[in-house]
Amino acid sequence: MPTTSDVSAKLIFPTKEIVEEYYLPIIYTACRTCYSEQLPDRIWDKAVSRTVADEKQQALVRKVMESGHGSTIEHVNFTFAISGVTRTLSHQLVRHRAGTAFDQQSQRYVSFKDRDNYTIPDSIAKGDLPDDLAGQFRSAVDSNLELYGQLLQAEVPAEDARFIFPNAMQTNLIMTVNLRQLIHMSGLRLCTMAQWEIRQLFKQIRHEIFRVSPFFGSFLAPKCVPLGYCDEMGNRDEHCRIRPHRDTVMAVWEAYRSGELAETDGPVVPETSPFRPRLRRVPVDGGEGETMPITVGAPDASVGQAGGSDRV
Ligand SMILES: Cc1cc2nc3c(=O)[nH]c(=O)nc-3n(C[C@H](O)[C@H](O)[C@H](O)COP(=O)(O)OP(=O)(O)OC[C@H]3O[C@@H](n4cnc5c(N)ncnc54)[C@H](O)[C@@H]3O)c2cc1C
């Protein structure tokens, strides 16, 4: 039956037991090897025997990951069985090159007997569309698939008959991906600006990773979460409110630097930061010689120049 979505992602390897026993120690060993005189196999023995507690291993791994030392998390892989997704989705998925391996159901070697394994998006199937557009969509796809069957019967090879297939056709894949790339892909594909179907897929992928490791699962998030701001052009109106848009962050920052805003709830910018506006003591309204610090005027010239760099 045509459906509005059959998206499915199952983690087929490793098992929860393997992840729990080995994945953290592997990454911990990679991290620790960089910063230790000890031999890596000695570090590994301590990690895998839990002579070093999981909490301690996690603390180092999180620190290293947050500092962007990404090669340490390329040592572990996850393999997913993905099914019921459309060619629309798979075309986006296989654009990810680094750290991934894909195998996909062939439209050359498979002659599809099932002629209704396609997806109708909600906006069409459930939309309140005029002129029976949903019905027209379905009959257009059905007639394409009918013609596909006739071409096969006339002994046209499947590799040519498939030219009639729409993007709506469903397909199956095996995807193996290392943790670094999975975090990168999730950052892009869990974003609310991503296409709905691939977003659904990555929600399932995140669920699968959480099932075997809440620790690793916690790193799978829209890219704005680790960034702290949204960098999507299409979200300049901030209709997605997970994080403020970069434009807003920069506007607030500029206001702060020019002294229009003062910190009210404790220091936000470190005392040592060259970007801190200068503080000056001025009388409080109606006060008896009382003074309070407020920020006045632009920071000095050298700070202004530094603030213009892309390191801000
Ligand atoms: C919301 C959205 C909309 C999109 N729209 C379009 C579109 O309209 N048209 C279109 O063609 N594509 C589109 N894409 C696909 C996009 O351009 C990328 O091809 C895709 O997301 C793969 O991601 P990636 O480039 O980070 O590559 P990945 O293979 O996932 O690589 C991961 C990272 O490794 C590095 N890397 C990998 N390969 C190289 C390399 N050869 N050289 C240097 N560094 C490398 C990069 O830092 C890269 O970010 C879209 C993607 C998203 C998320």
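Helix axes are lines fitted to C-alpha atoms over the stretch in contact, and the angles between them run from 0 to 180 degrees between N-to-C directions.

**View 1. The crossing of helices α1 and α2 in the predicted model.** Helix α1, spanning residues 16–34, and helix α2, spanning residues 40–48, have axes that come within 9 Å and cross at roughly 145 degrees, and the crossing in which α1 passes α2 is right-handed. On the side of α1, the residues in contact are Y22, P25, Y28, T29, R32 and T33, which meet P40, I43, W44, A47 and V48 of α2. By class, this contact of α1 with α2 comprises eight nonpolar, two polar and one charged residues.

**View 2. The shell of residues around the ligand.** The residues that surround the ligand are R95, H96, R97 and A98, together with H184, L188, M193 and A194. Divided by class, the shell around the ligand holds four nonpolar, two polar and two charged residues.

**View 3. V156 in the loop between α6 and α7.** The loop that holds V156 lies between α6 (133–153) and α7 (158–161). V156 counts as partly exposed because 15 other C-beta atoms lie within 10 Å, a number between the limits of 12 or fewer for exposed and 20 or more for buried. When residues up to four places away in sequence are left out, V156 touches L151 and A161.

**View 4. The whole chain, as context for the close-ups.** The secondary structure of the chain comes to 13 helices and six strands, and buried residues make up 22% of its 312 residues. Among contacts in the chain with a separation of 6 or more, 67% are accounted for by residues 24 or more positions apart.

Definitions and conventions:
Residues numbered from 1 in each chain as written. Predicted model: local features only at pLDDT ≥ 70, side-chain atom pairs only at ≥ 80, totals over all residues. Near = placed C-beta within 6 Å. Nonpolar A, V, L, I, M, F, W, Y, C, P; charged D, E, K, R; others polar. Helix = DSSP H or I, 4+ residues; strand = E, 2+ residues; numbered from the N terminus. Contact = placed C-beta atoms within 7 Å. Left-handed = near helix turned anticlockwise from the far one by under 90°.
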